[in-house]
Amino acid sequence: DARVTQTPRDKVTEMGQEVTMRCQPILGHNTVFWYRQTMMQGLELLAYFRNRAPLDDSGMPKDRFSAEMPDATLATLKIQPSEPRDSAVYFCASASGQANTEAFFGQGTRLTVV
Amino acid sequence: GNSVTQMEGPVTLSEEAFLTINCTYTATGYPSLFWYVQYPGEGLQLLLKATKADDKGSNKGFEATYRKETTSFHLEKGSVQVSDSAVYFCALSDYLTSYDKVIFGPGTSLSVIP
């Protein structure tokens, strides 16, 4: 049963600490998305990779956030330094890269910055 | 640019009631349209999709028809169950202009009471 795997599921950290969230996309998918979900803003697209290259990261605060794909099986989202306003659920999703196909979501990382 | 608008929630219905969640879109090309569902504590998952005008997507008793003339993709179900309580997201992707980048609406929370 192919699925997107995100780790950790939950993370509580202190303000100023570095946070790294990891995502394993579905094998064979060449498109990876990072979304952030909050009650106030809903689902926000932070970054979007195709064949490991960033295609759109305009939704990501550049001063503290960074997203990478070290290889085709791993995507990472880092926040350094973290702030309380970064508290949210972060979702990774992957897609096959073909027309008219859907994105498959992981279960999310719930981040709390205190 | 492309965008999705859907009715504000929350929506509360009694079991076996009829459900409609309105969704309209703006797109420059010929998008594919999706409904995703998010159950508590989980990631989004595809509920149904339609890839061209007049297509009807259906799954688990839910239906939505791609109406190009009204730029709409309203979600309907004839008889809701308590287990349908979730947040529903309308979404689009326009492969010709932005590959498989998915644009989401704000989500509509549905609560079904026994």
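## Basis

The radius of gyration used here is taken over C-alpha atoms, and the globule rule is 2.2 Å times the number of residues to the power 0.38. The model is predicted.

## Chain A: fold and size

Chain A contains 11 strands and zero helices. Along the principal axes, its C-alpha trace spans about 40 × 30 × 25 Å.

Of the 114 residues in chain A, 48% count as buried. For contacts between residues at least 6 apart in sequence, 53% join residues at least 24 apart.

Chain A exposes about 5,800 Å², with 48% supplied by carbon and sulfur atoms. It carries 12 positive and 13 negative side chains, and the centres of these two sets lie 2 Å apart.

## Chain B: fold and size

Chain B has one helix and 12 strands, in the order β-β-β-β-β-β-β-β-β-β-α-β-β. A compact globule of 114 residues would have a radius of gyration near 13 Å, and the 14 Å of chain B agrees with this. The C-alpha atoms of chain B fill a box of roughly 45 × 30 × 20 Å along the principal axes.

In chain B, 45% of the 114 residues count as buried. Of its contacts with a separation of 6 or more, 56% are between residues 24 or more positions apart.

Chain B exposes about 5,300 Å², and carbon and sulfur atoms supply 50% of that area. Its side chains include 8 positive and 12 negative ones, with the centres of the two sets 6 Å apart.

Definitions and conventions:
Residues numbered from 1 in each chain as written. Chains lettered and ligands numbered in written order. Predicted model: local features only at pLDDT ≥ 70, side-chain atom pairs only at ≥ 80, totals over all residues. Heavy atoms only, no water. Helix = DSSP H or I, 4+ residues; strand = E, 2+ residues; numbered from the N terminus. Buried < 20%, exposed > 50% of the residue type's maximum accessible area, 1.4 Å probe, protein only. Contact = heavy atoms within 4.5 Å. Areas by Shrake-Rupley, 256 points an atom, 1.4 Å probe, with all protein chains shown as cover. Lys, Arg positive; Asp, Glu negative; His and termini not counted. Charge placed at Lys NZ, Arg CZ, Asp CG, Glu CD.
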